[in-house]
Amino acid sequence: MSEESPELLIRRAEAADAELIAAVAADTFPLACPVDASPDDMSAYIQEHLSSERFLAELETTGVAAYLAFEGDRAVGYALLRGDNEPPVAAEYRRAANLRRLYVQGDDHGKGVSHALLRRVIRHARTHDYD
């Protein structure tokens with residue numbers, strides 16, 4: 001699968017997608033946790049940091065861009081980029097961007113979804129003058 005393939009669609013997320021991103025985040029976050037992480041700890045983290053309210057606030061923040069990956073109408077992953085809105089501290093520096101999150105549903109690992117999301121986020125950063 002590639003970003004251009006008919007099987008995979010990558011699109012920029014909007015405020016209306018906050019619940020969908022939160023659902024994908026809740027599904028995929030446990031995949032990134034250590035094997036000894038307790039279900040209670042994971043649940044607490046998801047509730048505090050990966051809620052739809054938290055994603056809505058992120059999406060409404062200047063310099064934040066999120067992208068969703070879809071296979072058909074099923075969301076299979078997302079990426080969240082936070083750009084530095086401050087001017088560079090010196091002329092030789094450019095604005096920085098930070099990839100905050102990139103998660104893919106477990107069944108979709110190995111299909112090129114993360115690669116396509118990462119390419120799209122890099123393109124976004126370059127077109128918005130981030131280094």
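The model is predicted. Helix α1 covers residues 18-28, and helix α3 covers residues 52-59. Five salt bridges are present in the structure, and three of them are described below together with the exposure of their partners.

**Residue A18**

- A18 is located in helix α1.
- With a relative accessibility of 5%, A18 is classed as buried, because the limit for that class is under 20%.
- Leaving aside residues up to four places away in sequence, A18 is in contact with S52, F55, L56 and L59.
- Between A18 and L50 the C-alpha to C-alpha distance is 9.8 Å, although 32 residues separate them in sequence.

**Packing of α1 and α3**

- Two packed helices are described by the angle and the distance between their axes.
- For α1 and α3, the axes approach within 8 Å and cross at roughly 120°.
- The two helices are therefore oblique to each other.
- The crossing of α1 with α3 is right-handed.
- On the α1 side, the contact is made by A18, E19, I21, A22 and A25; on the α3 side, it is made by S52, F55, L56 and L59.
- Of the residues in this contact, seven are nonpolar, one is polar and one is charged.

**Salt bridge between R11 and D17**

- Side chains of opposite charge can pair when their charged atoms come close.
- The side chains of R11 and D17 form a salt bridge, with an N to O distance of 2.8 Å.
- R11 is partly exposed at 29% relative accessible area, whereas D17 is buried at 9%.

**Salt bridge between E58 and R82**

- E58 and R82 are joined by a side-chain salt bridge of 2.4 Å, N to O.
- E58 belongs to helix α3 and R82 to strand β3 (residues 74-83), so this pair ties together parts that lie 24 residues apart in sequence.
- E58 is buried, its relative accessible area being 10%, while R82 is partly exposed at 31%.

**Salt bridge between R74 and E71, and its network**

- R74 and E71 form a salt bridge in which the closest N and O atoms are 3.4 Å apart.
- Through salt bridges that share partners, E71, R74, D108 and K111 are joined into one network.
- R74 is partly exposed, with a relative accessibility of 39%, and E71 is also partly exposed, at 25%.

Terms used:
Residues are numbered from 1 along each chain as its sequence is written. This is a predicted model: local features need pLDDT of at least 70, side-chain atom pairs count only at pLDDT 80 or more; totals for chains, interfaces and linings use all residues. Side-chain values use heavy atoms; hydrogens and water are left out. Helices (H or I, at least four residues) and strands (E, at least two) are DSSP runs, numbered from the N terminus. Buried means under 20% relative accessible area, exposed over 50%, partly exposed in between (1.4 Å probe, protein chains only). Contact means heavy atoms within 4.5 Å. Axes are lines fitted to C-alpha atoms, for helices over the stretch in contact, and angles run from 0 to 180 degrees between N-to-C directions. Angles under 35 degrees count as roughly parallel, over 145 as roughly antiparallel, 65 to 115 as roughly perpendicular and the rest as oblique. A crossing is left-handed if the near helix is turned anticlockwise from the far one by less than a right angle, and right-handed if clockwise. Ala, Val, Leu, Ile, Met, Phe, Trp, Tyr, Cys and Pro count as nonpolar, Asp, Glu, Lys and Arg as charged, and the others, Gly among them, as polar. A salt bridge is a side-chain nitrogen of Lys or Arg within 4 Å of a carboxyl oxygen of Asp or Glu.
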